[in-house]
Amino acid sequence: MKKATLKITYTAALLALLIVLQWATAGFGQLVTGSCVNCVLAAAALLAGWQGGLTVAVVSPFAAFLLGIGPKNIAIVPAIAVGNAVLVMVLWLFLRKRITPLRSILGVLTAAASKFVVLYLLVVQLLCHVLTLPEKQAAAFSTMFSWPQLVTALIGASVAMAVLPLVLRARRKE
């Protein structure tokens, strides 16, 4: 299969997987769902390149909203897309040329921290103050888009890095 066709295939498959995982894990809470989402985002960045990774990162929160499995406020959805895009791009920048244990660790730590900071600033510090949200909803968003984002990004990206060698090995056998 040509490289471009393979990347498009990975992008479509990973986007579908991400949406199904969000739906299937919705009842398990943010720790499980967020970790699954971040795992697929990291895999997309490393298997489909920055273009495929960004596609999955940006499309998935809008799809989740439309399916009723994301935050119930459309104003938050673009911020999630930006946070996802940051995770994808930082991880891709660290690992696009060579994947080594040190680069993997630094990439995961930096990507997770970057996503956390972006979402915290956009949602907690900006949107929760600018939007006229009910107090309960603002409090829920403030909690949801603070430290759990760092934890789920670390877990998800780490799982992706652990599984990636198996995927790459299987791909070489094609």
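Helices here are DSSP runs of H or I with at least four residues, strands are runs of E with at least two, and both are numbered from the N terminus. A word on where this comes from: it's a predicted model, where local features need pLDDT of at least 70 and side-chain atom pairs count only at pLDDT 80 or more, while totals for chains, interfaces and linings use all residues. Residues are numbered from 1 along each chain as its sequence is written, and side-chain values use heavy atoms, with hydrogens and water left out.

Back to Cys128. Is it buried or exposed? Cys128 is buried, at a relative accessible area of 12%. Buried means under 20% relative accessible area, exposed means over 50%, and partly exposed is in between, with a 1.4 Å probe and protein chains only. Which residues does Cys128 touch? Leaving out residues up to four places away in sequence, Cys128 touches Val123, Leu133, Ala138, Phe141 and Ser142. A contact here means heavy atoms within 4.5 Å. Take Phe141 from that list: Cys128 and Phe141 are 13 residues apart in sequence, and their C-alpha atoms are 7.4 Å apart in space.

Phe141 itself is buried, with a relative accessible area of 4%, and Phe145 is buried too, at 3%.

Okay, on to the rings. By the rule used here, there are two aromatic pairs. Phe116 and Tyr120 make a tilted one, with 6.1 Å centre to centre and 35° between the planes. The rule takes the rings of Phe, Tyr and Trp (its six-membered ring) and pairs them if their centres lie within 6.5 Å; planes under 30 degrees apart count as stacked, over 60 as edge-to-face, and the rest as tilted. Phe116 and Tyr120 both lie in helix α5, four residues apart, which is about one turn of the helix. Phe116 counts as partly exposed at 22% relative accessibility, and Tyr120 is partly exposed with 29%. Then there's Phe141 with Phe145, a tilted pair at 6.1 Å centre to centre and 55° between the planes.

Another ring to look at is Trp92: the charged end of Arg96 sits over it, 5.2 Å from the ring centre. For that to count, NZ of Lys or CZ of Arg has to be within 6 Å of the ring centre and within 35 degrees of the ring normal.

Still in helix α5, you'll find Lys115. Lys115 is buried, with a relative accessible area of 3%. What does Lys115 touch? Not counting residues up to four places away in sequence, the list is Asn38, Leu41, Gly83, Asn84, Val86, Leu87, Gln149 and Ala153.

Now hop to helix α1, residues 3-25, which holds Leu6. Leu6 is buried at 16% relative accessible area. Its C-alpha is 9.0 Å from that of Leu47, 41 residues apart along the chain.

Let's zoom out. How many helices and strands does the chain have? Seven helices and zero strands. The C-alpha trace spans about 55 × 30 × 25 Å along its principal axes. Of the 174 residues, 44% count as buried. And among contacts with a separation of 6 or more, 72% are between residues 24 or more positions apart.
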